[in-house]
Amino acid sequence: MRPSEQLRTANIDDWQAATNHPFCLELASGTLPLEKMRTYLAQDYTFIDNFIRLASSAIHHAPTLPDRLPLAAFLGIIAGPENTYFQRSFEAINVSDVDRTNPELLAPTRDFQALMLKAAKSGQYANMVAVLCVAEWVYLSWADQVEYDSETLPFYFQEWVTLHKGEYFESVVEHLRGQLDRAYEVADEAGKVEIGDYFQQAVTLERQFFDGCYNS
Ligand SMILES: Cc1ncc(CN)c(N)n1
C-alpha cells in the first residue's frame, strides 16, 4: 500500500468526518446558512495566506525542478482564480471589511496556521508535503463525491466545489501524494514518525476547521 494511503487509513475517523462534514453537504445542496459561509470564507482566506507561504517553502525545498514545477503552477491558481473567487464571494454575500482582512481567528484556524508555519520552519520537505497533501486531498475527497446541481447553485457554493475537483485538481493531489510517498519511503524511523504526526494533525485540523465554522 502507498504510504499516503497508509497514513490516510491510520486517520480514517477524522478523514471521514471531514470529507462527509455537514458543512460540505449543505454547501453542495445550497442549504448552508450564509452566516456560516461568511465565517468560513473569512477564516479560510487567512488559511490561504499561510498555505501560500508553506507551499512556497515546499517549492524551495523540493529535490529537483520536475518536483518543484507542479506546485509552482498550482500556486498560480490559488493566487489567481481562487483569490478572485474569495473577492467575488466576499462581495456577493456581504462579508464585512474587517472579516475580509483581519477576522478574529477561531481556534482551529490559529492551530492550522501554527502547523503550517511549523512545517515550513522545520526545513523538512517531507513535513511540508504531508500538510499540503492532506489539505488538498481532503478537499478533493469531499468535492469529488458530493452531489450538487450546477444549474441552480449560487456561484459562491458551486465554484468552491468545482475548484476542488476535476482532472487538473486530481493531478495536483496525485503530485503531492507522490512527493509524500517518496519522502516517507526514504525517511528514517524518527522521520516517519514525524511525518505521521504532521499528517495526523492536519487531518484532525481539517475536521476541526469545518466544525469551528459550522458551529460558531
Ligand atoms: C482549511 C482548508 N483546507 C484545505 C483547503 C483546500 N485548498 C482549504 N481551502 N482550506
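**Helix α8 and its neighbours**

Q: How does α7 pass α8?
A: In a left-handed crossing, where left-handed says that the near helix is turned anticlockwise from the far one by less than a right angle (clockwise is right-handed). Helices here are DSSP runs (H or I, at least four residues), numbered from the N terminus. This is a predicted model, where local features need pLDDT of at least 70, side-chain atom pairs count only at pLDDT 80 or more, and totals for chains, interfaces and linings use all residues. Residues are numbered from 1 along each chain as its sequence is written.

Q: OK, and at what angle do the axes of α7 and α8 cross?
A: Roughly 155°, and the axes of α7 (residues 107-122) and α8 come within 7 Å. Axes are lines fitted to C-alpha atoms over the stretch in contact, with angles from 0 to 180 degrees between N-to-C directions.

Q: So are they roughly parallel or roughly antiparallel?
A: α7 and α8 are therefore roughly antiparallel (over 145 degrees; under 35 is roughly parallel, 65 to 115 roughly perpendicular, the rest oblique).

Q: Which residues make that contact?
A: Leu115, Met116, Ala119, Ala120 and Ser122 of α7 contact Asn127, Met128 and Val131 of α8 (C-beta atoms, placed from the backbone, within 7 Å). By class there are six nonpolar, two polar and no charged residues; Ala, Val, Leu, Ile, Met, Phe, Trp, Tyr, Cys and Pro are nonpolar, Asp, Glu, Lys and Arg charged, the others, Gly among them, polar.

Q: What about α4 and α8, how do their axes cross?
A: The axes of α4 (residues 34-61) and α8 (residues 125-145) cross at roughly 135° and come within 9 Å. That is why α4 and α8 count as oblique, and their crossing is left-handed. On the α4 side, the contact includes Phe51, Leu54 and Ala55, while α8 brings residues including Tyr125, Met128 and Val129. This contact has ten nonpolar, two polar and no charged residues.

Q: New topic: which residues are around the ligand?
A: Asp44, Phe47, Ala135, Glu136, Tyr139, Glu206 and Phe209, each with its C-beta atom, placed from the backbone, within 6 Å.

Q: And which helix gives the most to that shell?
A: α8 does, with three residues. α4, α8 and α11 (189-215) each supply at least two.

Q: How many of the shell residues are charged?
A: Three are charged, four are nonpolar and none is polar.

Definitions and conventions: Contact = placed C-beta atoms within 7 Å.
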